[in-house]
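Work through each task before reading its solution.

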Amino acid sequence: MSRTLCLAATLSLVLTAPLTSVAYAQNAPAAEAPAPRLPADAAIRAAYERTDALSRSIFWGQENTINPMDPVAGVKMAQALREMGQYDRAAETAESVLTVQPQNTAAMLEIGRAHIARGQAFYGIAALERARDTQPRDWRPLSLLGVAYQQVRRFDDANSAWHSALALSPEQPEVLTNIAMARMGAGNMAEAEGLLRRAAAQPGATLQVRQNLALALGLQGKTPEAEAILRRDLPPELVDQNLAWLAQRTQEAQSAPQGSQASAAAAPLPSTARSWDSLNR
């Protein structure tokens, strides 16, 4: 073969190789796209509701990514974020739900709870009032409104809201506890104790109700009864920690000037009891 023919053959191979590759690529079966991820079913969602706040925030965040129009995922994610102390994100997440469902009462309540928990209840009042107007037979917006009004020093409005809540749900332990913690903050320990005893006696009373009752008892020097309540609900190391805190707080309250005793008595038990500012049912 002449040199010219060899060169022509080489060029032919070079030029035709890409064409062969293209032809193969055109005829090759296309790679299958990954199937879109579907939202979790009801059983999985229910199982995650029994986990800690961090696990729930991750799970509901994924559910919200899969379907940003799912209001349940948005509300549940906001709740988990609030329980983790991420109040601003919780409020923003709940607000985003209202863009999907403007009448979603659960989102309105979460907005109120998040702002109450971050100490800026004023910014949650509008949402809570909308929830109250949307669901006039629901005691929860009224209970939270009482907390929000109390935080912004609208005391008459707070008492009116709580009175209306109790009219809808008599002896509701959350409402009684909210009123009690407000009375405790004002230094009216005897009335707070009576309200908390009523709340703790209800079938729906939670651990926090009992812890707040222990707080009211301990701050009045009724340490044995307070300790009995604490030991039924908490591990020994936490009981000891809370009893030591109560003893210190009681001593401070007794030695404080009369005008400052109310503020000394208003602080909650460490890591266990919550003040009316943060009750969040």
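**Exercise 1.** Characterise the salt bridge between Arg118 and Asp88 by distance, location and accessibility.

*Solution.* Step 2: Arg118 is in the loop between α6 (105–117) and α7 (125–134), while Asp88 belongs to helix α5 (residues 87–100); the pair links distant parts of the chain, 30 residues apart. Helices here are DSSP runs (H or I, at least four residues), numbered from the N terminus. Step 3: Arg118 has a relative accessible area of 31% and is partly exposed; Asp88, at 46%, is also partly exposed. The classes are buried (under 20% relative accessible area), exposed (over 50%) and partly exposed in between, with a 1.4 Å probe and protein chains only.

The model is predicted, so local features need pLDDT of at least 70 and side-chain atom pairs pLDDT 80 or more, whereas totals for chains, interfaces and linings use all residues. Residues are numbered from 1 along each chain as its sequence is written, and side-chain values use heavy atoms, without hydrogens and water.

**Exercise 2.** Which parts of the chain does the salt bridge of Glu225 with Arg197 tie together?

*Solution.* Step 1: the N to O distance between the side chains of Glu225 and Arg197 is 2.9 Å. Step 2: Glu225 lies in helix α13 (residues 223–233) and Arg197 in helix α11, so parts 28 residues apart in sequence are tied together. Step 3: Glu225 is partly exposed at 33% relative accessibility, and Arg197 is partly exposed at 33%.

**Exercise 3.** Describe the salt bridge of Arg249 with Glu252.

*Solution.* Step 1: the closest N and O atoms of Arg249 and Glu252 are 3.5 Å apart. Step 2: both residues lie in helix α14 (residues 236–255), separated by three residues, about one turn of the helix. Step 3: Arg249 is buried at 18% relative accessibility, whereas Glu252 is partly exposed at 33%. Elsewhere, salt bridges that share partners join Glu193, Arg197, Lys222 and Glu225 into one network.

**Exercise 4.** At what angle do helices α11 and α12 pack, and how far apart are their axes?

*Solution.* Step 1: α11 (residues 189–200) and α12 (residues 207–219) pack at about 150°, with axes 9 Å apart. Step 2: α11 is therefore roughly antiparallel to α12, the cut-off being an angle over 145 degrees.

Technical notes. Axes are lines fitted to C-alpha atoms, for helices over the stretch in contact, and angles run from 0 to 180 degrees between N-to-C directions. Helices (H or I, at least four residues) and strands (E, at least two) are DSSP runs, numbered from the N terminus. Angles under 35 degrees count as roughly parallel, over 145 as roughly antiparallel, 65 to 115 as roughly perpendicular and the rest as oblique. A salt bridge is a side-chain nitrogen of Lys or Arg within 4 Å of a carboxyl oxygen of Asp or Glu.
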